[in-house]
Amino acid sequence: MITIGYTELAIGSLLLFMHAAVSLWYRTGVAVSLLVAALRMVVQLALMAYVLRYLFVTQAGFWTLIAALVMIGFAGYEVTARQKRRLRGVWTYGVGTGSLFIAAAIVTLFALLVQIKAEPWYQARYVIPLLGMVLGNTMTGMAVGLSHVMDVLYRERDMVEARLALGHTKWQATQTVVRSALQTGMIGIVNSMSASGLVFIPGMMTGQLMAGADPVEAAKYQALVMFLIAGGTAIGTTAAIFLSVWRLSDGRHRLRLDRLHLIK
């Protein structure tokens with residue numbers, strides 16, 4: 001395995017500063033955000049590396065569970081932070097985090113118990129990487145889907161309320177909005193699967209190839225991971241969108257946009 005030194009990392013970061021320089025020159029307003037994001041990434045990766053080193057040595061299921069819950073908690077926060085319009089109160093964080101937990105638990109446990117069959121199944125070496133890949137992609141799909149459903153419900157509120165006035169249930173009145181939100185939330189993983197292998201080699205396969213794994217085995221692992229990501233994205237996005245529609249209506253089938261908060 002070829003190791004990367006800190007000097008090589010520092011040289012690689014020059015590309016990031018080139019990006020920041022272009023952003024400053026054209027006043028795009030993303031230079032500071034880019035550098036802050038890069039700093040956060042480095043700190044988070046360093047912390048994760050030391051945590052994983054400890055988890056790999058101890059192989060304690062309790063600490064693996066704690067690490068998984070922390071990852072889900074932060075992922076839920078990231079989903080919320082990307083919303084321009086948010087649900088009021090604890091629902092702001094609860095919908096995203098709850099949906100992520102459901103999707104991640106189902107997909108990760110399914111992979112560990114049915115496909116990978118590690119002994120014991122709660123080994124951090126398998127749980128954390130799988131969970132991280134599922135969360136990362138599910139989080140993106142959910143954020144896009146939630147943003148879409150809330151924006152469209154607010155923008156098309158007259159149409160939805162007209163359907164409700166004609167006697168439609170809240171699910172019938174919002175069917176078009178839900179359908180478009182699901183399509184928007186899941187289009188990213190569809191595009192990724194369509195281009196995998198021919199246009200780009202995904203991260204899982206790239207890492208295994210660089211570590212010296214057989215290309216066929218690396219391809220099988222990557223295909224499995226893409227299936228898991230697709231399933232996680234579908235479950236998480238669907239749960240989040242339906243929970244949002246349920247929250248933005250009531251038992252009398254009225255649209256309750258007063259439960260929506262606009263972030264300026």
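## A glutamate beside an arginine

At 30% relative accessibility, E156 counts as partly exposed, because that label covers everything between buried (under 20% relative accessible area) and exposed (over 50%), using a 1.4 Å probe and protein chains only. Its side chain meets that of R155 in a salt bridge of 3.9 Å, N to O. A salt bridge here is a side-chain nitrogen of Lys or Arg within 4 Å of a carboxyl oxygen of Asp or Glu. R155 is exposed, with a relative accessible area of 55%.

Before going on, a word on the model: it is predicted, so local features need pLDDT of at least 70 and side-chain atom pairs count only at pLDDT 80 or more, while totals for chains, interfaces and linings use all residues. Residues are numbered from 1 along each chain as its sequence is written, and side-chain values use heavy atoms, with hydrogens and water left out.

## The overall fold

Let's step back and look at the whole chain. It has 11 helices and two strands, where helices (H or I, at least four residues) and strands (E, at least two) are DSSP runs numbered from the N terminus. Along the sequence they follow the pattern α-α-α-α-β-α-α-α-α-α-α-α-β. The C-alpha trace spans about 65 × 50 × 35 Å along its principal axes, and of the 264 residues, 35% count as buried.

How many salt bridges does a search of the whole structure find? There are seven. One of them joins the side chains of E78 and R40 at 3.0 Å, N to O. This pair links distant parts of the chain, with E78 in helix α4 and R40 in helix α3 (residues 31-58), 38 residues apart. R40 is partly exposed, at 42% relative accessible area.

R85 and D151 also meet in a salt bridge, 3.0 Å from N to O. Here the link runs from strand β1 (residues 85-87), which holds R85, to helix α6 (residues 124-155), which holds D151, and the two are 66 residues apart. R85 is buried, with a relative accessible area of 16%. Elsewhere, D250, R254, R256 and D258 are linked in a network of salt bridges.

## Aromatic rings

Now for the rings. A pair of aromatic rings is described by the distance of the centres and the angle of the planes. Rings of Phe, Tyr and Trp (its six-membered ring) pair if their centres lie within 6.5 Å; planes under 30 degrees apart count as stacked, over 60 as edge-to-face and the rest as tilted. The whole structure has four aromatic pairs. Among them, W121 and Y122 are edge-to-face, 5.8 Å centre to centre with 80° between the planes. Another, W171 with F242, is tilted: 5.7 Å centre to centre and 35° between the planes. W171 lies in helix α8 (residues 170-173) and F242 in helix α11 (residues 215-247), so this pair ties together parts that are 71 residues apart in sequence.

Rings can have charged neighbours too. The charged end of R125 sits over the ring of F56, 4.3 Å from its centre, and that of R157 sits over the ring of Y154, 4.5 Å from its centre. To count, NZ of Lys or CZ of Arg must be within 6 Å of the ring centre and within 35 degrees of the ring normal.
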